[in-house]
Amino acid sequence: MAYSQCFSVSLSHTNTHTHTYALSLSLSLSLSLSLSLPSLSVSLFLLSLSLSSFSLSLPSLSLFLLSLSLSLSLSLSLSLSLSLSLSLSLSVSVSLSFPPSLSTFQTEHKMSIEECCRKFNTDIVQGLTNAKAAEFLIRDGPNCLTPPPTTPEWIKFCRQLFGGFSILLWTGAILCFLAYAIQAATEDEPAGDNLYLGIVLSVVVVVTGCFSYFQEAKSSKIMESFKNMVPQQALVIREGEKMTINAEEVVAGDLVEVKGGDRIPADLRVVSAHGCKVDNSSLTGESEPQSRSPDCTHDNPLETRNVAFFSTNCVEGTARGIVVCTGDRTVMGRIATLTSGLESGKTPIAKEIEHFIHLITGVAVFLGITFFILAVCLGYTWLEAVIFLIGIIVANVPEGLLATVTVCLTLTAKRMAKKNCLVKNLEAVETLGSTSTICSDKTGTLTQNRMTVAHMWFDNQIHEADTTEDQSGASFDKTSASWAALARVAALCNRAVFKAGQDQLPILKRDTAGDASESALLKCIELSCGSVKQIREKNKKVAEIPFNSTNKYQLSVHETEDPNDNRYLLVMKGAPERILDRCTTIIIQGKEQPMDEEMKESFQNAYMELGGLGERVLGFCHLLMPEDQYPKGFAFDCDDVNFTTESLCFVGLMSMIDPPRAAVPDAVGKCRSAGIKVIMVTGDHPITAKAIAKGVGIISEGNETVEDIASRLNIPVSQVNPRDAKACVIHGTDLKELSQDQMDDILRNHTEIVFARTSPQQKLIIVEGCQRLGAIVAVTGDGVNDSPALKKADIGVAMGISGSDVSKQAADMILLDDNFASIVTGVEEGRLIFDNLKKSIAYTLTSNIPEITPFLLFIIVNIPLPLGTITILCIDLGTDMVPAISLAYEAAESDIMKRQPRNPTRDKLVNERLISIAYGQIGMIQALGGFFSYFVILAENGFLPSILVGIRLNWDDRACNDLEDSYGQQWTYEQRKIVEFTCHTAFFVSIVVVQWADVIVCKTRRNSVFQQGMKNKILIFGLFEETALAAFLSYTPGIHLHKQIDIDIHLHKQTYIYTNR
Amino acid sequence: MAKDAEKSTWKDFIWNSRTREFCGRTGSSWGLILLFYLVFYIFLAGMFCLTMYVMLQTLDDYKPTWQDRLGTPGMMIRPRGKAMEISYNTTNTETWDMYIKTLDNFLSPYNNSLQAEKNEECTPDQYFVQADSGDVKNNPKRSCQFNRTFLEKCSGLDDHTYGYQAGKPCIIIKLNRVIGMLPGKDGQAPFVTCGAKRYKVGKDEWKEDSDKIGEVEYYPENGTFNLMYYPYYGKKAQVNYSQPLVAIKFLNITLNEDINIECRIISNNIPPGSVRDKFAGKVSFKLRINTKG
């Protein structure tokens, strides 16, 4: 079949012979097929059974070959690349130092209000004058964060065009043009193939460059959509008048008023506040709202009560403050600036590709130089030898690989987006796969970011509430009269309400107005006892004392449900110990009993236990007020309390926690079996952090911290050997005092680590510490405080829903559903793409050998050229493409999430082992297959192998038209050239056929093809497509032969001159 | 510190004296790898040789499997000149001396004495068929004499300069050997005819030098290839085969000018060759004879 395809243009009368050719070719096929079977011992006997045998021998392939492989020729290139990568690592290890500004930036909180006013030329009542405000606005600029310098589109485009792998192809193209220039300068009619090759290479780079550019542009568009375009408003007082202006126009010295629900427009020095609480979680990571007041409570501006920060939220209450900083000078602005100042390192895949380029270049240069020397020794001119050198180097460039890699990465990025991982940078797709440490934020990522009632204590017993997102968890006994009382207190002594218009939503999804813990209570009661609104309507509120930090309780007085009962009901909740102090009785099974010591002790135990779970515990009590003292219509005075708040009846405890997400424990378990260390880094309290860590398995069951061991053995902490504890919880203040060595020691020796109360800087230190130990670190986070760490990490993962814009900008990947479990999917996809890229590359590289050996033998032993340049391009950019890409669709091998993360220093994408198998083994087999069909074609036409050696000079001499073959017949130039092109086609088809086997060999790394199966539909399609394309290229009249002849006439013009010299 | 580490790593990589590793591997590891590759490549080579041997066994010793490329036999001239250009100066012996030598060498096997010794006289104008009888090969096959004297004035026997000195050069034309080819049917022998070649001088502008060629003489008479020299049975069966020749002599060609000449075979049995192939059934060359010093 291969025979006739070449002739189809000029001759149609050869058909009679074709079937015999098909026979001889099929012999060569079966040879090459069976040879491709990696198991040598088997293939000897299976020559005739070629197809059925290779699946048999596959499993043994990897073991056998892996253990024994390294090709000699590589040592040079290896060492080359090694030295290069080492010099690179030098430049990377620049240590990061923090600007000291964060801790020393503000002193306003320590000044008195008057001083502050003086400093900003403002007035505590009147505010700034309009003129002053305008002046300051011009001086300081608008109050907004300078967006990080966006890279111009054309630079992004150029990066795609000239980054990484493209460089290799560009070099190849330039060499081609160079070779063409040399030829053009020295010959009248230069050979066109170097020019064509150069053009094709350039086109390939440009096309794939455009492709990946548009791919990234797409994901950055999604990024844009995250940005909140609604302009923020702020209420300022200027010249004594309240006015609403754009938050951007706020200037230092402005008097600003904020109320619950507002976003704070700038850094404020609070001058007056009424029950004001702010949510600083995006800045400090603390999930609980913090109250604000005019008094300075701490030297550290981040801790003091009288400063409210830009872009945090006011949760409730009102406050008035003087603006002390705007825009980039705010705390938030400084962190954002810090982030953009950080350099993120190269992605692992970029390093891998760099390493790959070194390897390939090494091999290419080594081969090129060797054959350059050989060519010179064989008597070629210098110029010819240089052309050969360039030819060999270029022939080593895998033209199709760039496109394959890009398409593979894009496919995976799309697949990840479907699973809620949006990848901003294509190369980051693989990074997750090589991740060995994940530093996860707690709030929102591991937890639901929603306070929920977790436990209750009544009837001297701890009851567990259902904390799952879908209410699938355990329930408790709700029949007890004590529970009814507790629920009533929790419902009444509660200011939280559901926002209007959410009746259709499930209770847990509804938005509430009010404090997080009150909302948790509200939802809990609504779930178990029905409408809280009705309860409140039945028990009208008469008086109320809101929570304050001195009393540590909140109380309200209500009418009772029973219209005949004129007594008032006093309900109170607050810090459990304070509540207990006020109680003399306790409800057990609905009956009031005196509070005895035994009861107090069991209360203490319950309180300690719940507190130890990291839960926030509230105590509840009530009192039916005696009608004689407090008759109907009694005027309760809340400011000057004129009623009893003592000798109440204790009802119970309720404890709340931000519960872990349902899928997280499983995901953490998967990470662990995948050899990934999960570290929790949070701004929250150590106890809470530890409780959640235990809940999700970051601290696994049975593992103890040093403190746990100490308390179990009843010895001081200092006597415990730290090596005994696998887990540890480290407080931010302790972290501050650790030296680098101690830090390394902790990271190395503890498998389960929780960092609590950490600041943004410390987060960064933790990430750097892990990287110093050689880990590839993924960091998740949502707040602004996380963004430096996100940027520094090998892969930063931001939260799509709760994440701040700054964090999203700093991250490489965005979890659209904020779920930690999505990361695990990402890890799996990342590992899969690494495996599949490896397979793709092995597949693509293999055909390099059968492509380059014909040229080498052409030079060295002077046989007619077995494979032409255009045919090589047909393989690299034609038939090999779809099968190579189809390997990206290959399903994961069984152990993908059970093995350790790859070691970035040893487990390279392309290593000597891969090259050894691809080039040294399979490639050689393929080359032999190709040469066999080449010799068959020539021998059957009369040129036996014995006369081929050295025939090239006459063969390519256009003036020699009576070249004698082995039988004594004489050939004209054109006649033998047609036979030569038939050889090219036969060689080409042989490569296509051996690539069938190769794609099946490359399909699996560890599994056998039987375990893996042939379920990859794209791969099966690829096999057919490859074959159809090969048939099309071979049989279609006009497209193959003409080009070949024109080009080869040029190609051999040069040798023709040489021969006739 | 990083620099030191790099240095030592680099040195360690080549020769790590601690682990006795060369390029990251110990001696035994390298040995195993080399052994593996040695065995592997020996096996591959053996496999390849085996398949090649099997393939060669399928071939016939006397006739190639396919000859369809050779449907139209090629033609060639002697002397070949430099890229089919024969140019010389009559006054300068050195410029044509090499042509004389080429022709002398080429014609020496045709010396009458040699021909008489090795080959036999055949019946002219009919094919000299020596069929095999079934599997019994009729070998070696005999060949017909082609005596040098058949070329008369171009034999180089009378005029050992083949007319080059006189500006009346001889060119010898031969038809490529093709096993089993019968170049004419109905007893009509193929013959050579030479004329001017049309050649391109510009876009859509053609030129030919027919008026400059002058008179041409053919030896043997009419420039025929006698049928008795066909069919050819191949190098192995017909060891002493003498390829028939036709000589042409230009009697009064225009001097000091490039002249493009094309000779073709005229036969009722040879298909016209491909347009692309300039040497299938025809041969063209350029002749330039200078007379001025």
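**Entry 1: a charged pair in chain A**

Which residue does Arg582(A) form a salt bridge with? I looked it up, keeping in mind that this is a predicted model. The partner is Glu646(A), and the closest N and O atoms are 3.5 Å apart. The pair links distant parts of the chain, 64 residues apart. I found Arg582(A) in the loop between helix H21 (576–581) and strand E17 (583–588) of chain A, while Glu646(A) is in the loop between strand E19 (616–624) and strand E20 (648–657). Glu646(A) has 41%, so I noted it as partly exposed.

**Entry 2: a pair across the chains**

Next I checked Lys174(B), which forms a salt bridge with Asp962(A) at 2.7 Å between the closest N and O atoms. This one crosses between chains. Lys174(B) sits in strand E6 (residues 170–175) of chain B, and Asp962(A) in the loop between helix H37 (952–955) and strand E27 (963–964) of chain A. Both ends came up buried: Lys174(B) has 2% relative accessibility, and Asp962(A) has 9%.

**Entry 3: a pair within chain B, then a network**

I moved on to Arg142(B), which pairs with Glu120(B) in a salt bridge, the closest N and O atoms being 3.1 Å apart. Arg142(B) and Glu120(B) both lie in the loop between helix H4 (112–118) and E6 of chain B, so the pair ties together parts that are 22 residues apart in sequence. I wrote down both as partly exposed, Arg142(B) with a relative accessible area of 43% and Glu120(B) with 27%. Then I found a network: salt bridges that share partners join Asp835(A), Asp895(A), Arg899(A), Arg1005(A) and Arg1006(A). How many salt bridges does the structure hold over all chains? I got 42.

**Entry 4: helix H32**

I picked out helix H32 of chain A, residues 848–860. Its 13 residues reach 18 Å from the first C-alpha to the last, close to the 18 Å expected. Why call this helix largely enclosed by the rest of the structure? Because 10 of the 13 residues of H32(A) are buried. Among them are Ile849(A), Pro850(A), Leu856(A) and Phe858(A). Just after H32(A), I noticed Asn862(A) with a positive phi of about 55 degrees.

**Entry 5: a nonpolar patch on chain B**

Which residues form a nonpolar patch on the surface? I listed Leu32(B), Leu35(B), Leu38(B), Val39(B) and Ile42(B), with about 480 Å² of accessible area together. Leu32(B) belongs to helix H2 (residues 27–57) of chain B, and I have it down as partly exposed at 47% relative accessibility.

A reminder to myself: most residues other than glycine have a negative phi, and most peptide bonds are trans. I found a cis peptide bond between Arg78(B) and Pro79(B), with omega about -10 degrees. Pro79(B) is in the loop between strand E4 (75–78) and strand E5 (85–89). Ala83(B) is in the loop between E4 and E5 too, and its phi is positive, near 50 degrees. Ala83(B) counts as partly exposed at 25%.

Another cis bond joins Asn139(B) and Pro140(B), with omega about -10 degrees. Pro140(B) lies in the loop between H4 and E6. I placed Glu152(B) in the loop between H4 and E6 as well; its phi is positive at about 45 degrees, although it is not a glycine. At 43% relative accessibility, Glu152(B) is partly exposed.

I counted up chain A last. It has 41 helices and 28 strands, and buried residues make up 57% of its 1061 residues. Its accessible surface is about 41900 Å², of which 58% belongs to carbon and sulfur atoms.

The average pLDDT of chain A is 78, and 85% of the residues score at least 70. Residues 1–104 are below 50, though this stretch has 190 contacts in the model beyond near neighbours in sequence. Residues 1040–1061 are below 50 too, with 57 such contacts. Where pLDDT is low, the predicted coordinates should not be read in detail.

Key: Residues are numbered from 1 along each chain as its sequence is written. Chains are lettered from A and ligands numbered from 1 in the order in which they are written. This is a predicted model: local features need pLDDT of at least 70, side-chain atom pairs count only at pLDDT 80 or more; totals for chains, interfaces and linings use all residues. Side-chain values use heavy atoms; hydrogens and water are left out. Helices (H or I, at least four residues) and strands (E, at least two) are DSSP runs, numbered from the N terminus. The expected span of a helix is 1.5 Å times one less than its number of residues. Buried means under 20% relative accessible area, exposed over 50%, partly exposed in between (1.4 Å probe, protein chains only). Patches are made of residues with over 30% relative accessible area and no salt bridge: like charges are joined within 9 Å, nonpolar side chains (Val, Leu, Ile, Met, Phe, Trp, Tyr) within 5 Å. Accessible areas come from the Shrake-Rupley method with a 1.4 Å probe; for residues, only the protein chains shown count as cover. A salt bridge is a side-chain nitrogen of Lys or Arg within 4 Å of a carboxyl oxygen of Asp or Glu. pLDDT is the predictor's confidence in each residue, from 0 to 100. Contact means heavy atoms within 4.5 Å.
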